[in-house]
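Dear colleague,

Please find below the structure that I am handing over to you. My notes on it follow directly after it.

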Amino acid sequence: MNYAPIDWADERLGIAKFTRKSLNKIFPDHWSFMLGEIAMYSFFILLGTGVFLTLFFVPSSADTVYHGSYAPLNGHVVSQAYASTLDLSFNVRAGLVMRQMHHWAANVFVAAIVVHLLRVFFTGAFRKPREINWLVGSLLLMMAILEGFLGYSLPDDLISGTGIRIAYSITLSVPVVGSYLASFLFGGQFPGNSIIPRFYTIHILLIPALMAGLLGAHLAIMWHQKHTQYKGKGRTENNVVGIAMWPAYALQAGGFFFLTAAVLAALGGLVQINPIWMYGQYIPYKVSYAVQPDWYMGWLDGALRLFPSWEITGFGHMIPTIFFPAVLLPGVTFGLLMAWPWIERHFTKDYEVHNLLDNPRDNAWRTSIGVGVMAFYMVLFFASSTDVLANAFSLSLNFVLWAFRVLIFVIPPVAAYVAYKLAQEARSASTAGKPRKAMVVFRSSEGEYSTEESDPRHELELKRIALHGDAPMPLPEEAKLHGDAEDGAPLKKGEDFAFIRSSAAAVIAEEIGERPSHGSGVYQVPRGTPGAGGGLFSPHGLKVPKERKGSEEEK
Amino acid sequence: MKIHKKLGRHLLVPVALGIGASVSGVALFSHGAGASTTSGSASSGSTNSVTYGGTAGSGNAPITYLKLDPSTIGLGKTLFVENCSSCHGDTAEGTSRAPNLQGLGAATIDFWVSTGRMPLADPTIQATSKPARFSRQQTLAIDAYVSSLAQGGPAIPIVNLGAASISAGEGLFSTNCAACHTITGVGDALADSIYAPSLYPATPTQIAEAIRTGPGNMPRFGTGNFSDQQVADITKYVQYLQHPNNAGGIGLGHVGPVTEGFVGILIGLGSLMIAGYWIGGRAH
Ligand code: HEM
């Protein structure tokens, strides 16, 4: 291989040191740490497919007479936005698969964010020093939901138009400023001609740019603080145990990107989503029964359905009913979400730095609160399909509605209680936290069965363990030399990339079982403590942690 | 093959890549094909000569009305007395249990009997369509008998789908029917145990009968609301909804984003989480 281009770049930009460090970066490896990756890769797919859509989509409410391929709408006066989405679906080559991939990616994107958030919550990964990333993540979630709603609205079809109509009413319902807000946003009265182009600008420029920036910050902070890890052999608050960026992590992550792309392409190509041609153009006096928003808005729709039509007055004015479920609820939801690290600290008085994660069963209180809150939003989510449920199970719509009004109060506490008990139970079980041994079942010639414990690990791994013990290895000498400029060893020109070169060989070496070497092994490196280097104005460095009261069970 | 376990998972990545690429290939291909079929149907335009099953009338009138055969009245009477009179009375004059049917017209009788709503089993709940009890001949005989008892009401319509416009039908359907039956025609639950049924099983004659007679809680759209041409147009669009252009792959029941959300979360995210569990680390 020719390293001249790399050396060329290094002589001008000095990339070698940073690259070396990065390639040797150690990442804790656990499947639950890949949930955020699903979200990130879906975002990339959204960007790619979204750019494709912009090439053909016309963000305009101007009328046009449709004469495209879809016969049932032939001759109808439709908006250019709707006509161009029809063309994307039927006349642009690969247009429909791109639209569908884009939409499926949006659904998976938000779902992955939510599951990622739950992982972070239940394992306590948001505790000091990671509160900033919790905030950044919450912002990303809010933007993703908003972005999805805006995108869903762009085609100007009957169903999404109804959604915009609801959004308009919700904006109107804000006390004092509602009517101003709504008329600023819509450029006058609903529907007007401005909303599609405005949504478009926000959808393809403003929010994606903000999200890309925030995602960058999210990752940079994670990189800088180093990822948390689960408790386990050789893992402490002060080290990082995991696999090296190159080649193990890079291959794993790269492969996972392609897997995500594959799943989204499969859904986009094989499963229909949002067949807007069946919905027709949005016209304010038309409405279809049974319209719901995309799933991530479902909890808001559910809240709107469940909230009783009370006429609530405050300060001598009637506050529109929908203000409570549609403005106050999301406000409180995201407010509490962002405040959670501080709310929890208020009760636990835990001011310490945590790099080791909690097992959800070890913190029964947090787990049960999380489960209860999750149950609350799940009930709201299911309440967004009261009509579909009533129809599918031949129940009275009124009965289903009232059932949900009761369930919303019953299910969350019950779920929280069950979660609390289960967590306690799991912790007291004798096998808790111990990896299960695989059992091999034998059948004798007489037909008798017996079981024998077996070690599921690969024979090469067992060989390595026999030689070196099963504690994670420190980074090997060679890598250290090249990976850590601080040790001062002067590097000869051309040697900078020795590590990159040798690592491919290392993988093969390990494959043959010659020696366990860097590359795809498990390593440990020390981790620094932010703030330990001394304060900007105080020489003492870290503030003396305040006395911790209560919550002894956590330790 | 001696491959380190972890590494084995990494090496399987190219396989995944291959699957991804091939699946998207399939997708691209199938949409290419999908687009050309639709443009094919577009070339035949709105006067599409394809008929969507059912009885298509002849000539240019959008709707012709069936002349019932008076010689079947006797058979109709027998069937009525056996199956209906216990509730509706011997001459369909109505009882405390069921309404008067005299003068409702053949279309009304035909709709209720041919959709299997009548005879009714349980008078306390909304009559729903079920497999019809009688053959077409028997049904027409009952229609002939009941409509011979008194004048009035619409006759049984036969829709000439060839003379109907599917795109005019779309406009009328989305304005007049979607609010109850949903825009895709799957139907849904209205208030208090009342359902707007799915329009997928209805035949052209039943659709036109429903529009003209307004069964149960459905409004009646008389000649002042829709011309015969418009009824035929709507009927043609409803027939289309029964076999719509399902470009884009497996349709998800046309109930909207609810099923899409479940598929996205359970199949989309679910399979990716399994994949993550497969290539990622486990408990230490
Ligand atoms: C730079 C990033 C993005 C670009 C350039 C982009 C572009 C577009 C365009 C042009 C459309 C309208 C065409 C159509 O609807 O088929 C659209 C629709 C949509 N977008 Fe995006 N988008 C981006 C990111 C996102 C994100 C992050 C989400 C969700 C969280 C999202 C969700 C949607 C949805 C749900 C639709 C409706 C798709 C449909 O018609 O079924 N988009 N997007």
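Helices here are DSSP runs of H or I with at least four residues, numbered from the N terminus. Please bear in mind throughout that this is a predicted model.

**The surroundings of the ligand**

In A:Asn274, an N or O atom of the side chain is 3.1 Å from an oxygen atom of the ligand. A polar side-chain atom of A:His102 is found 2.8 Å from a ligand nitrogen atom, and for A:His203 the corresponding distance to a nitrogen atom of the ligand is 2.7 Å.

**The iron site**

Which residues coordinate the iron atom of the ligand? They are A:His102 and A:His203, each through its NE2 atom, at 2.0 to 2.1 Å. The iron atom has six donor atoms, and with angles of 81 to 179 degrees among them the site is octahedral. Because A:His102 belongs to helix 5 of chain A and A:His203 to helix 9 of chain A, the pair ties together parts that lie 101 residues apart in sequence. For comparison with the angles of the site, six octahedral donors ideally give 90 or 180 degrees. Both A:His102 and A:His203 are buried.

**Chain A as a whole**

Chain A contains 18 helices and twelve strands. Of its 555 residues, 50% are buried. Among the contacts in chain A with a separation of 6 or more, 75% are between residues 24 or more positions apart.

**An arginine in chain B**

B:Arg212 is located in helix 8 (residues 204–213) of chain B. Is this residue buried or exposed? B:Arg212 has a relative accessibility of 8%, and because buried means under 20%, B:Arg212 counts as buried. Its side chain makes a polar contact of 2.9 Å with the side chain of B:Asp228. Leaving aside residues up to four places away in sequence, B:Arg212 touches several others, including B:Tyr65, B:Arg220, B:Phe221 and B:Val231.

With kind regards

Methods
Residues are numbered from 1 along each chain as its sequence is written. Chains are lettered from A and ligands numbered from 1 in the order in which they are written. This is a predicted model: local features need pLDDT of at least 70, side-chain atom pairs count only at pLDDT 80 or more; totals for chains, interfaces and linings use all residues. Side-chain values use heavy atoms; hydrogens and water are left out. A polar contact is a pair of N or O atoms within 3.5 Å; within protein, one must be able to donate a hydrogen and the other to accept it, and residues adjacent in sequence count only if both atoms are side-chain atoms. Donors are N, O and S atoms within 2.8 Å of the metal (3.2 Å for Na, K and Ca); water is not among the atoms, so sites may look incomplete. Four donors count as tetrahedral if all angles lie between 85 and 135 degrees; four count as square planar and six as octahedral if opposite donors are over 155 degrees apart and all others between 65 and 115; anything else is irregular. Helices (H or I, at least four residues) and strands (E, at least two) are DSSP runs, numbered from the N terminus. Buried means under 20% relative accessible area, exposed over 50%, partly exposed in between (1.4 Å probe, protein chains only). Contact means heavy atoms within 4.5 Å.
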